[in-house]
Amino acid sequence: MRRSLVLVALAATSMVALAFLIPLAIVVKNAAYDRAISEAGKQAGALTPALVITTKAPEIRQAIRSTRYGGQQRLAVHLNSGTYGTSHITAKDLEDARNLAKASTVERPDGVAYLQPLATSTNGIAIVEAFVPHEQLTHGVLGTWWALAGVAVGLVAGSVFVADRLGARAVKATRTLAEGARRMGQGDLSARVPVKGPPEIKEVGKAFNAMAERVRHLLAAEREVVADLSHRLRTPLTALLLDADTLGRGPGADRVREAVQGLEREVDEIIRAARSGLQPDNTGVDAASVVRERLVFWSALADDQERPWTIRGADRPAHVPLSRNDLVAALDALLGNVFRYTPEGTRFAVTLVHQADLVALVVEDAGPGIKNVERALERGASGGGSTGLGLDIARRAAESTGGSVHVDRGPLGGARVQLRLRRQ
């Protein structure tokens, strides 16, 4: 922006300067020419008294030498009886001047000859020639041109400096606004920008500060609502846990109690995250350990439903920049879809594919597959009557690492979901 303003000022001022300089340069040159011709006319006119009162050659030569042009051999008198002084014109030029019978100029290779006719009583028409060399015709022109060029350069430099200062002011205010937006995008809800700069930037700054304050209030209210709703779940969870204690001992009762305790831990985590402002945890986690742990949890239900399952690639560490809770939520969402949307006894597999820059967490099954993949990836969209948030949770987890989610049909014949996570 600053550079653009400087270039615009440079172009505009240069065009204006040229629009004035070119005519002024021509006027200066013409003025110098007219001044030199006028001086030649005065020098020629200085011989008029002598030509009127005398016709003697010595006296005419003496009159020529007494003038400045005569002393510089630039003055001559052409009479019928001959030419006196130093002439720079041809016989044809002289004849044309006699026929014209008025003051005229003749261009010569080395200058301009000014010819002034004068009627005398004894010699008819005398032609007084005053010669002006080229350097006299342009005397002072070059210096004046340099002065005009200096003025033009000064004007252009001044306009560029003013434009640069104005641009710097606007750019500084814009950069401050961009820095505030960047900080807010990184989760700093206290980010505000000073209201400075041009009027338009000031308006943007005021709008940004108002928006930031509004977002802060909205997020604070949302966190409070999430925390309050999660806290309200504690009462039915407590009752459910007490009921689970009455089931006695056994694999089924233990699994129910473990599920209730896990649900209680998730509620506690939601309350903690809501109270802390949902700050992201980028310390990272070993995806292989999470896969092994969650497969132990889901294996009990898989055995009850007689679902064959396999796990591959979880024997090697695979660190990804996700919090443990986020990765657990994403994997549970994918595995939960397998148990929810495929018949009992359907085979499934979980695979960790290790690559140089990413880790692919692949969950596939032998079920009917996903008919509308694009709709399944939309938040809140579900074809099975659920909330439609499972795949969206997995997608957001992958994208937070710079990865993506890919859904297609796998070798088992059913749906295959690839959670591509960038390595830490």
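Me: What makes strand 7 and strand 9 a pair?
Reply: Two strands count as paired if DSSP finds at least two bridges between them. Strand 7 (309-312) and strand 9 (residues 348-354) are joined by four bridges and run parallel, so they pair under that rule. Strands here are DSSP runs of E with at least two residues, and helices are runs of H or I with at least four, numbered from the N terminus. Within this pair, Thr-310 stands opposite Ala-349 in strand 9. The model is predicted: local features need pLDDT of at least 70, side-chain atom pairs count only at pLDDT 80 or more, and totals for chains, interfaces and linings use all residues. Residues are numbered from 1 along each chain as its sequence is written, and side-chain values use heavy atoms, without hydrogens and water.

Me: Why are strand 7 and strand 11 called edge strands?
Reply: The open sheet has five strands in the order 7-9-10-12-11, with mixed pairing. Strand 7 and strand 11 (404-409) each pair on one side only, which makes them the edge strands.

Me: Why is Glu-306 called exposed?
Reply: Exposed means over 50% relative accessible area, buried under 20%, and partly exposed in between (1.4 Å probe, protein chains only). Glu-306 has 64%, so it is exposed. Glu-306 is in the loop between helix 11 (287-304) and strand 7, and has a positive phi of about 55° although it is not a glycine.

Me: How do you know that Gln-73 is exposed?
Reply: The relative accessible area of Gln-73 is 52%, so this residue is exposed. Gln-73 lies in the loop between helix 4 (68-71) and strand 1 (75-79).
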